[in-house]
Amino acid sequence: MTTLTQTDPVVAQPGWFARTENWLDNKGKGAWIAAMVLGFILFWPVGLALLAYMIWSKRMFSSSCRKGATTWRTTSTAMRSTGNSAFDTYKADTLRRLEEEQDKFEAFLERLRDAKDKAEFDQFMDERAKKAEERAPEA
């Protein structure tokens, strides 16, 4: 008969490259670009290697995904029921009122843009008519 002995699992510590990569990711794209420029200044193959790595790993041309995840998480928690019916009713009424206000404001902005466009077009037509009047006596 054998006995089972409990052993603690060995947790592997990330290497210096993984720690550096995580640190640069936390600082953002600017930190990657600064590291690349610094690499070019100190020793050009290091800068070239960083540039190749940034392009290969899609860090150069991608934006952060944290904003989208935060928006999704916030939206899903805003629509979830709290269990308090009075508060849920109040929240639903407030969200409906805010959506109506947002729709009214967007309609107002659209009317404002239309009025500005019409004013600019009328000004253009007036200037064009004046130029045509100035040319008519000359001809």
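1. Contacts around Asp88. In this note, contact means heavy atoms within 4.5 Å. Leaving aside neighbours within four places in sequence, Asp88 is in contact with Ser81, Thr82 and Gly83. Asp88 is found in helix H5, while Ser81 belongs to the loop between H4 and H5. Helices (H or I, at least four residues) and strands (E, at least two) are DSSP runs, numbered from the N terminus.

2. Basis of the model. This is a predicted model, in which local features need pLDDT of at least 70 and side-chain atom pairs count only at pLDDT 80 or more, whereas totals for chains, interfaces and linings use all residues. Residues are numbered from 1 along each chain as its sequence is written, and side-chain values use heavy atoms, with hydrogens and water left out.

3. Confidence. The score pLDDT is the predictor's confidence in each residue, from 0 to 100. The protein chain averages a pLDDT of 81, and 76% of the residues score at least 70. Where is confidence lowest, and where is it highest, in the protein chain? The lowest mean, 52, belongs to helix H4 (residues 66-79), and the highest, 92, to H5. Over residues 65-73 the pLDDT stays under 50, and for these residues the model has 2 contacts beyond four places in sequence.

4. Overall architecture. The secondary structure of the protein chain comes to 5 helices and 0 strands. From the N terminus on, the order of elements is α-α-α-α-α. Of the contacts in the protein chain with a separation of 6 or more, 27% are between residues 24 or more positions apart.

5. Burial and surface. Residues are classed as buried (under 20% relative accessible area), exposed (over 50%) or partly exposed (in between), with a 1.4 Å probe and protein chains only. Buried residues make up 9% of the 139 residues in the protein chain. The protein chain exposes about 12,500 Å², of which carbon and sulfur atoms supply 62%. Accessible areas come from the Shrake-Rupley method with a 1.4 Å probe; for residues, only the protein chains shown count as cover.

6. Nonpolar core. A nonpolar core is a set of buried Ala, Val, Leu, Ile, Met, Phe, Trp, Tyr and Cys residues joined through side-chain atoms within 4.5 Å. The largest one here has 7 residues, namely Leu24, Ala31, Trp32, Met36, Leu50, Tyr53 and Met54. Helix H2 (29-42) and helix H3 (44-56) are the elements that give two or more residues to this core. Beyond its neighbours within four places in sequence, Leu24 is in contact with Ala31, Trp32 and Ala35.

7. Salt bridges. How many salt bridges does the structure hold? There are 4, a salt bridge being a side-chain nitrogen of Lys or Arg within 4 Å of a carboxyl oxygen of Asp or Glu. Side chains of opposite charge can pair when their charged atoms come close. Three of these pairs are described in the next two points.

8. Pairs involving arginine. The side chains of Glu101 and Arg97 meet in a salt bridge at 3.0 Å, N to O. Both residues lie in helix H5 (residues 85-138), 4 residues apart, or about one turn of the helix. Glu101 is partly exposed at 43%, as is Arg97 at 40%. Arg113 forms a salt bridge with Glu110, with the closest N and O atoms 3.5 Å apart. This pair also lies in helix H5, 3 residues apart, about one turn of the helix. Arg113 is partly exposed at 45% relative accessibility, and Glu110 is partly exposed at 40%.

9. The lysine pair. Lys118 and Asp122 meet through their side chains in a salt bridge (3.0 Å, N to O). They are separated by about one helical turn because they are 4 residues apart in helix H5. Lys118 counts as exposed at 51% relative accessibility, whereas Asp122, at 31%, is partly exposed.

10. Asp88 is buried yet has no salt bridge; the nearest side chain of opposite charge, Lys91, is 4.3 Å away. Lys and Arg count as positive and Asp and Glu as negative, while His and the chain ends are not counted. The C-alpha atoms of Ser81 and Lys91, 10 residues apart along the chain, are separated by 9.6 Å.
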